[in-house]
Amino acid sequence: MTRPSISFLGFGAALPERVRSSDDPLFERSREEARAQGVSEASLFYGNREHRCLGPDESLAALTARAGLAALEASGVRREQVDRLYGYVSVSEFISPNALYEVHREMGLGSHTLVVPVQSDFANFVMGTVLAWEALLAGHSERALVAVGAGWTRNVDYAQGHAFGIGDGAGAAVLGPGERLVLVDYAADTFSEEYGAMTMRPRPESGFDKPVYGLEPSRGMRAFLSSGMEGPPRLVERLLRKHGLTGEDITLVSHQATRKLLDHWNERIRPREYLHTLEDCGNMVIASIPVTLARHYRELRTKYLVLAGLGIGAHQMALLVRV
């Protein structure tokens, strides 16, 4: 039995209007630490000149809904045709339920649309896509929407180096039967020994009662410099080798935490093209990949596309797409 071809049918993105530049005084402490000798957290995060920030009264769920509606328009799919909504809103208004349900409401999706929050920061988009693909192949879904929104500028400690690049944004994609941007295969790795190395939690020791992201002392840096640096190239190489491909055959779109990672992965994977939005959008944590795709998917010039995400489970995923 021949399996149907499941494709990305269209992408959408939405960004806040407020722009914060990298020379904002808010980052002065990080800049001073980065200028100091030796390897520090601040020295690892660089490469963006500006990023977008939600205002105090702006809704992250509403921003994510805008991205979802843009994806529907780009794909020519009507709201009533969407029977699955995968994704995540981070950081959500409540611990539970996730504000993906508010995205469903904001978009005007029907009660028949199953909402599936995928809490796998930062690979929510790639994992949500794989789960949607499996449901479509099984015949349990006909059109699925994957939508993710990141609002982490409200949930970082600006005294920490990783906060330098954090930006807000939302991206989405529609999946269904199609002949372009066909999903081919994926690979995944889990590094559960790194559980707790990077966390989003209240940090009363630093004066934060709300959830704030952070690299935990010693463990976080170690995870960044080991599996974070070397894991994605190994995973992508494994996936490409399985299909007789090399970096020359692909366009790569990946997680975009810092230029340090992008440069290292580019050197190791050697894609023909490497697309990102880091410079003007910063690190949109869970939303960087779909925002980049929404901006560039019509310009793809290679036969294959690879999406590479990683997260703080710790886990990594790579998805192979035939253009």
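**Cavities in the model**

I'll begin with the second largest cavity, lined by Phe122, Ala123, Asn124, Phe125, Val126, His255, Val285, Ile286, Ser288, Ile289 and Pro290. This is a predicted model: local features need pLDDT of at least 70, side-chain atom pairs count only at pLDDT 80 or more, and totals for chains, interfaces and linings use all residues. Residues are numbered from 1 along each chain as its sequence is written, and side-chain values use heavy atoms, with hydrogens and water left out.

A cavity here is a set of points, on a 1 Å grid over the protein atoms alone, where a 1.4 Å probe fits but cannot get out; lining residues have an atom within 4 Å of a point. Points join across faces, edges and corners, and volume is the space filled by probe spheres set on them.

Back to that second cavity. Its volume is about 50 Å³. Helix 5 (124–137) and helix 9 (288–296) each supply at least two lining residues. Helices are DSSP runs of H or I, at least four residues; strands are E, at least two; both are numbered from the N terminus. The lining has eight nonpolar, three polar and no charged residues. Nonpolar means Ala, Val, Leu, Ile, Met, Phe, Trp, Tyr, Cys and Pro; charged means Asp, Glu, Lys and Arg; the others, Gly among them, are polar.

How many cavities of 30 Å³ or more does the whole structure hold? Two. Of its 23 lining residues, Phe122, Met198, Tyr213, Leu310 and Ile312 are the closest to its centre. Strand 10 (208–215), helix 6 (219–242) and strand 13 (304–311) give two or more residues each. Helix 6 gives the most, with four.

Note on methods:
1 Å grid on protein atoms, 1.4 Å probe; cavity = no way out; pocket = protein on both sides within 12 Å on 5 of 7 lines; lining within 4 Å.
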